[in-house]
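Please open the model in the viewer and keep the selection panel at hand.

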Amino acid sequence: MSLSTLTKDWEPMSYGFLDASAKREIRRKMLKAVAVPGCQMPYASREVPMARGWGTGGLQVSLTLINPKTTVKVIDQGADDSVNAASIRRFLSRVSGAPTTLDTLDADLIQSRHRIPEEKLREDQVLVLQVPNPEPLRPVQPNMSIARQMHADADYGRMWLQLYEQIVRSGRVMQGASYPSMVNGRHVMTPSPIPRWDVPKLHMAKHLTILSAGREKRIHAVPPYTRVEPLVFDDVPYKVEEHGDLTCFRSGAKGFFMNEIPQDDGSSTYEISDSEYGVKTIKQAEGTETAFGESWYQDGEMS
Amino acid sequence: MAYVATRGGERAIEQSERLFRSAMGEITEDRVAEIKKAMPYLIDRVMGEASLYDEDLAALALAQTGGELFEAVLVLRAWRTTQPRLHVAEPIGQDELFTHRRISAAFKDIPGGQVLGPTLDYSHRVLATEVLNGSTYAPEKVDAADKPSPAYQPSVAVWQAENDLLDLPERDETRPEDIPDVTREPLLFPSKRAHTLQSLARAETGGALALGYAAMRGYGQAHPTVNELRLAEAEITVTHPKGTQFSAGRVKVSQAEVVSKKGEKLELGFAATMGWNEVKCISAATLDLNSKGAEKGSATEEEFYLYHTEGVESSGFCIHFKLPHYVTFQSSLDAMRNAKAKKSPKPEPAE
Amino acid sequence: MTIAIEAPRLVKAAPLLTAQNVSKNYGDVQAVRNVSAEVFPGEVLGIVGESGSGKSTFLRMLNLEETPDAGTYTLDLPEVDGNLFELDRFARRMLCAKRIGIVYQNPHLGLLMKHSSSGNVAERLLVAGERRFSVLREKAQEALEASEFPIERLDAPPIELSGGMQQRVQLAKAIALEPALLLLDEPTTGLDVSVQALVLDTLKRLQQERKITMVIVSHDLGVIRTLADRVMVMRRGEVVEAGLADQIFQDPQHAYTQQLVHAKL
Ligand SMILES: Nc1ncnc2c1ncn2[C@@H]1O[C@H](COP(=O)(O)OP(=O)(O)O)[C@@H](O)[C@H]1O
Ligand SMILES: [Mg+2]
């Protein structure tokens, strides 16, 4: 008997990069986050081989959830081939051996920055959203410790006041992405900088969403079948981006969130933001049999 | 096929990384050894910010990143965080530090004496351009003092406390293995003392200086006097499972104590880091000194300076703005256009 | 020294506000010493005393911003009972948001200077749970109008307004929810004499129209005389004399009060 027979060989890296203690902490914090929907749970947030602000929070969650059979999809601003999505996908697969996919329907785990795919997610799928700033109160209270207390007291007066002020000044709520939303009637959370278009997709969704901010060291979650209500006045309805009537110039897909592409003549053309949905639309048009999932929006309207 | 999804992204990032690395050429053991030998202060700075004491790994990180300091610290931290915590060394007192340099600005002379040690403080900062013309710059020989200064020195603050000039912080009897570790748990506020000191120890030097300097210039309540600054080596004493204590070697450490007058007593600010980094220690100690009672949101408030001197986070967030943000931009644009349309007297174009 | 003066009652009802033996120290400074007070519904209690006598500290405690070292405080309201100083942070916040209004001498303490004036008023309604934009606007406008605020400046931020206007925004905010208790800390100090009179007129009218129970603090006897039904005189943290306003002004008992009254006359 010797030390080498008693121990594993030294390896430069653990399975899935993070060591067991880091994963255990994240598992615990995810459970807490699921138990109190929308409430931010502080976690140690280890360094990973990517710069902070580049999805390290989402990455730590993905690395904790992943196993060799997890099929992973990674998107950035809706696109699978965006450089950072490519980089994260390559890293996840390299350290875990997990298969990757571009098709939302095939994915078990979707890590995303700033978008939720247009096809409805199922109960067996997990969405991991990268979060730059987990604190919806930051614009009204930059101090984290005070903001924490405000959440504890459900002290959201200032948050509402901000909306009031915007309407008074601009005639409408000016919040673009990251629309603050009440989760389960108790905690206001940021849904991460997804467009307003995507926020209703979280409401009573079948899937679990985990939102993780690596730099700010906070995890929050929207468990399946949980209320997510954008903060709006009773008499000023929530408005998603006016993309319902736009058509993708590449694929012809219509009624989804679009990227605007400015043209030389001063006009704009549009391309579907969920790039893989666009690819599937083209494939089908060309006669390739393609499976589509049900989409959240039909004819540009949330169904 | 009319449309082939461009998968150019993967190729592009691969090639851009190659381009970056090709500029540095081959990295060999020799290069790493040379960096370690030639740049001890840079190595120290990187080790301190990475909170990982390993000169070889630090030199490797510098070689691998071409000296892009934020990247070097990140690669070391990412390595460090996956390593198991095997053991916690015994605490060490100031009077047990093997001291190379120790100065006090508070007194002309202090018990134990001023020990100037290695420093560029009084050098004339003149570039040795002759080196570029082929001459070798050879350091002049050091003449040893007649009477070597003692390697172990008492603490100035302890002397001051004995003379009722200041109150030492209460002795913290937490067992070493129970000291909270900021690399394994989140930093929350009000911060645990251990977390504060650990965060300052790994603070980014430039960030600590910027905020510390702001306090020194008058955006703080207290003006620091350097009570004691030390460059030293600390013995790493570990305990064998059988109970025997032994030294696992020595690491370079630096620490600063700054004081300012508060009523009839002196108030103390403290910071220490791995490696020798005087600017960081003095700045960080100044922040510590100013922290008590600082207004929320001021530069000397704990939450403010601990968040904003975290180099891996601040640099990462800064460079993340290079990532595409067109979804968020599109979303704001929509709100802006809609608001503008509402205000403009023109009727909206027919659909 | 404590002087317990039994004040004759104006109204035969249970007091709305009862504070008993309230004390507060800041380090070595005894800001408030053993102060007791009762205020009946619809009544105005004036607190006078020189600067530093503990008036503002006492008022901050009545607004539950500050916790005393000793003493009790009750309000005869259906939603609370017991010593209010023992309420937790959340309950205090809700009680203050819904039932107590305050106007500070320094508008920076009471207002968000860069938000709209109507927003400052609306915030109170928001905290109390109002979620209809149109109602928020309507009620904010009503409260501002009642405070005689120039309504065309509804959405101007207080920072662009004069001192008198800022006090009117504070007042509108304080009365927006029809509070059970209105606290006023030197509401007119620092204003021009002419503006001071106008703001006092507004306060007086509001009090008469709405029968709001008020506690007004001032070092200015004139202000107290205009508004108060009863008066409490404070000096170095203590109550030296208390009684009906007329009684205090016409026949002050304590030497200090006599000095104050005569200096004023
Ligand atoms: N927050 C505080 N910290 C320390 N001392 C205070 C504080 N507030 C008031 N004081 C002190 O308490 C005493 C009473 O002050 P205050 O209640 O403001 O008097 P007044 O309103 O009658 O002028 C003064 O001596 C003042 O300096
Ligand atoms: Mg006062």
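Which element supplies the largest share of the shell around ligand 1? In this predicted model, the answer is H1(C), with 3 residues.

**Stop 1: ligand 1**

Select ligand 1 and display the residues around it: Tyr26(C), Val29(C), Ala31(C), Gly49(C), Ser51(C), Gly52(C), Ser53(C), Gly54(C), Lys55(C), Ser56(C) and Thr57(C). Colour strand S2 (29-39) and helix H1 (55-62) of chain C next; each supplies at least two residues of this shell.

**Stop 2: chain A against chain C**

**Stop 3: chain A against chain B**

**Stop 4: Ile146(A)**

Centre the view on Ile146(A), which is found in helix H5 (residues 144-152) of chain A. Is this residue buried, exposed or partly exposed? Ile146(A) counts as partly exposed because it has 15 C-beta neighbours inside 10 Å, whereas a buried residue would need 20 or more and an exposed one 12 or fewer. Leaving aside residues up to four places away in sequence, Ile146(A) touches Gln141(A) and Lys296(B). For a distance across chain A, draw a line from the C-alpha atom of Ile146(A) to that of Tyr238(A): these atoms are separated by 28 Å, and the two residues are 92 residues apart along the chain.

**Stop 5: the domains of chain A**

Colour chain A by its domain assignment, which gives domain 1 (20-134 + 182-230) and domain 2 (258-302). The C-alpha centres of these two domains of chain A lie 23 Å apart. Their contact takes 16 residues from domain 1 and 13 residues from domain 2. On the domain 1 side, 5 nonpolar, 3 polar and 8 charged residues are present.

**Stop 6: the domains of chain B**

Turn to chain B, which is divided into domain 1 (12-80) and domain 2 (94-118 + 149-314). Taken over C-alpha atoms, the centres of these domains of chain B are separated by 27 Å. Here 12 residues of domain 1 are in contact with 15 residues of domain 2. Select helix H3 (40-50) and helix H5 (69-80) of chain B, which each give two or more residues to the domain 1 side. H3(B) accounts for the largest share of that side, 6 residues. The domain 1 side divides into 6 nonpolar, 2 polar and 4 charged residues.

**Stop 7: confidence in chain B**

Finally, colour chain B by pLDDT. Its mean pLDDT is 92, and 96% of its residues reach 70 or more. Select residues 1-6 of chain B, where the pLDDT is below 50; beyond near neighbours in sequence, this stretch has 10 contacts in the model. Where pLDDT is low, the predicted coordinates should not be read in detail.

Technical notes: Residues are numbered from 1 along each chain as its sequence is written. Chains are lettered from A and ligands numbered from 1 in the order in which they are written. This is a predicted model: local features need pLDDT of at least 70, side-chain atom pairs count only at pLDDT 80 or more; totals for chains, interfaces and linings use all residues. A residue is near a molecule or strand if its C-beta atom, placed from the backbone, lies within 6 Å of it. Helices (H or I, at least four residues) and strands (E, at least two) are DSSP runs, numbered from the N terminus. Two residues are in contact if their C-beta atoms, placed from the backbone, lie within 7 Å. pLDDT is the predictor's confidence in each residue, from 0 to 100. Domain bounds come from an automatic or database domain assignment. Ala, Val, Leu, Ile, Met, Phe, Trp, Tyr, Cys and Pro count as nonpolar, Asp, Glu, Lys and Arg as charged, and the others, Gly among them, as polar.
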